[in-house]
Amino acid sequence: MTLPVMRETLAKLIADSFEIAWDYLEATGELGNPDVAANHLLDTIEAMIRRGERRRLLLSNNAISAYQRFRAEQLISLAS
């Protein structure tokens, strides 16, 4: 007997991964400018999906890390 494979649509995968990342950054006070954050998170998630990644938590965690690095680089360049 085989179990049915649950397939999540790409749109739902993107939305869920984005929501996890957004909620985390908002809860920790690291969100910053909402428009910049949204674009950066989506760009990161979509790039990973194009490379074949489908694990929601990996997508969201990598998007969070990429955004945190981006924000740190912005702060460094402003301080220079």
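Tutor: Helices here are DSSP runs of H or I with at least four residues, numbered from the N terminus. The model is predicted, so local features need pLDDT of at least 70 and side-chain atom pairs 80 or more, while totals for chains, interfaces and linings use all residues. Residues are numbered from 1 along each chain as its sequence is written, and side-chain values use heavy atoms, without hydrogens and water.

Student: Where is A66 placed?

Tutor: A66 belongs to helix 3, residues 56-79.

Student: Is A66 buried or exposed?

Tutor: A66 is buried, because its relative accessible area is 14% (buried is under 20%, exposed over 50%, partly exposed in between, with a 1.4 Å probe and protein chains only).

Student: Which residues does A66 touch?

Tutor: Leaving aside residues up to four places away in sequence, A66 touches H40 and T44, where contact means heavy atoms within 4.5 Å. The C-alpha atoms of A66 and H40 are 8.2 Å apart, although 26 residues separate the two along the chain.

Student: Changing topic, how many aromatic pairs are in the whole structure?

Tutor: The search finds two. One of them joins Y67 and F70, which are tilted, at 6.1 Å centre to centre and 35° between the planes. Rings of Phe, Tyr and Trp (its six-membered ring) pair if their centres lie within 6.5 Å; planes under 30 degrees apart are stacked, over 60 edge-to-face, and the rest tilted.

Student: What about the accessibility of Y67 and F70?

Tutor: Y67 is buried, at 1% relative accessibility, whereas F70 is partly exposed, at 25%. Both lie in helix 3, three residues apart, about one turn of the helix.

Key. Helix = DSSP H or I, 4+ residues; strand = E, 2+ residues; numbered from the N terminus.
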